[in-house]
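Hi,

Here is the structure I promised to pass on.

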Amino acid sequence: MTTRAGVAAAGDRRRSSESARPPLWAGGVASCAATLVSHPFDLTKVRLQTIRKQISADPHVRRRVISTRMVPVMWTIVKTEGVRALYGGLSASLLRQGTYSTIRFGLYDAFKWLLVEKDKKPTWGQLLLCSTAAGILGGASGNPSDVVNVRMQNDGQLPPAQRRNYRHALDGLVRICREEGARVLLRGVGYSTSRAVVMTVSQMMSYDIFKELLLSQQRHRNDSLGVHFASSVGSALVATTACSPFDVIKTRIMSAHTADDRRAFKIIHQMVRNEGILSLFKGWVPAFVRLGPHTIVTFIVMEYIRDWHTQSKPHRQHIIQPAFANHP
């Protein structure tokens, strides 16, 4: 009898833990929803990061691209390529979020539930370990779609002869494999994975820390929309600053046309020497304008999915339970 009671109690604890754990797909769905809001800013960020100082040799070209501010660049895109150009490469962005974000968000929560005991707060070390592991796996799996994404977003500012003109993300994947070889889809995977680790650690870990800090200031620990909003803004600030150098280098590697332009240390050296140390943070403002709304929408949608999942799972268990209730 005691054994049965112990097994039943363990099962109740497991079911209680599982009901509170968000589903694996929550991060991917939330990130895809956020991409619909943030994609124009993401495209502008990529365009800013690929503007080179080498154009200064031609004064006419120099005057055409002298502005490296977000709003003028967005206006130039609309004026020269049309409003729809702001959503260029959207299919690749959605594919990337469907792989990269699904894995890193899903595994981050899964690892936390594996490592952290029930009803206990995770330590900073546990959060760091979970976010690092999730970032490595997410960054590596999302690299092929990231290569296509960067190319499609950067295509509009290239000379017509150099444009790749991918019709959509799957067309880009197929053409890269056919024309350049499948190995090209792994281009920049080291820096892409490093950036994914930095992004996951800075974004998710800081969100959990900010959220816990805000909740600890409240007597009743009201996990409200305001707490989610404030925590996600703080997370976006930390993540944008931490990831900016990795993002710039990754973008230049993936958009390069020659092998000589794909060596990371050479890119860093040339950027610092020719453009200054702040060039590593080029596009920070549009990156934050993009990452801010993206992070806010992502975490708010994730919290909504978590609440829905927690509330609906006991109902699903109640429906399933009678089928086994009378089993001897």
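Lys112 and Asp109 are both buried, where buried means under 20% relative accessible area, exposed means over 50%, and partly exposed is in between (1.4 Å probe, protein chains only). Their side chains meet in a salt bridge, at 3.8 Å from N to O; the term stands for a side-chain nitrogen of Lys or Arg within 4 Å of a carboxyl oxygen of Asp or Glu. Because they sit three residues apart in helix H5, about one helical turn separates Lys112 and Asp109. Helices (H or I, at least four residues) and strands (E, at least two) are DSSP runs, numbered from the N terminus.

Before you read on, keep in mind that this is a predicted model, so local features need pLDDT of at least 70 and side-chain atom pairs count only at pLDDT 80 or more, while totals for chains, interfaces and linings use all residues. Residues are numbered from 1 along each chain as its sequence is written, and side-chain values use heavy atoms, with hydrogens and water left out.

Back to the charges. How many salt bridges does a search of the whole structure find? There are 12. One of them joins Asp223 to Lys211, with the closest N and O atoms 3.4 Å apart. That pair links distant parts of the chain, since Asp223 is in the loop between H8 and helix H9 (225-255) and Lys211 is in helix H8, 12 residues away. Asp223 is partly exposed, at 37% relative accessible area, whereas Lys211 counts as buried at 14%. Another bridge runs between Arg306 and Glu303, where the closest N and O atoms are 3.0 Å apart. Both of these lie in helix H11, three residues apart, about one turn of the helix. Glu303 is buried, with a relative accessible area of 3%. Through shared partners, salt bridges join Asp109, Lys112, Asp208, Lys211, Asp223, Glu303 and Arg306 into one network.

Now the overall picture. The protein has 12 helices and zero strands. Of its 328 residues, 44% count as buried. It exposes about 17400 Å², and carbon and sulfur atoms supply 64% of that; accessible areas come from the Shrake-Rupley method with a 1.4 Å probe, and for residues only the protein chains shown count as cover. Taking contacts (heavy atoms within 4.5 Å) between residues at least 6 apart in sequence, 79% join residues at least 24 apart.

On to the inside. A nonpolar core here is a set of buried Ala, Val, Leu, Ile, Met, Phe, Trp, Tyr and Cys residues joined through side-chain atoms within 4.5 Å. The largest one has 13 residues, and Phe105 and Tyr108 have the most contacts inside it. H5, helix H6 (124-154), helix H8 (189-216) and H11 each give two or more residues to this core. Which element gives the most to it? That is H8, with five residues. Apart from this core lies another, of 10 residues, among them Val148, Met152, Ala169 and Ile176.

Leaving aside neighbours within four places in sequence, Phe105 is in contact with Gly27, Ser31, Gln203, Met204, Thr298, Phe299 and Met302.

The aromatic rings come next. Rings of Phe, Tyr and Trp (its six-membered ring) pair if their centres lie within 6.5 Å; planes under 30 degrees apart count as stacked, over 60 as edge-to-face and the rest as tilted. By this rule the count is four aromatic pairs. Phe105 and Phe299 have ring centres 5.9 Å apart and planes at 75°, so their pair is edge-to-face. It connects helix H5, which holds Phe105, with helix H11, which holds Phe299, across 194 residues. Both Phe105 and Phe299 are buried. Tyr207 and Phe299 form a stacked pair, 3.8 Å centre to centre with 0° between the planes. Here Tyr207 in helix H8 and Phe299 in helix H11 are 92 residues apart. Tyr207 counts as buried, at 3% relative accessibility. Phe105, Tyr207 and Phe299 form one aromatic cluster.

Cheers
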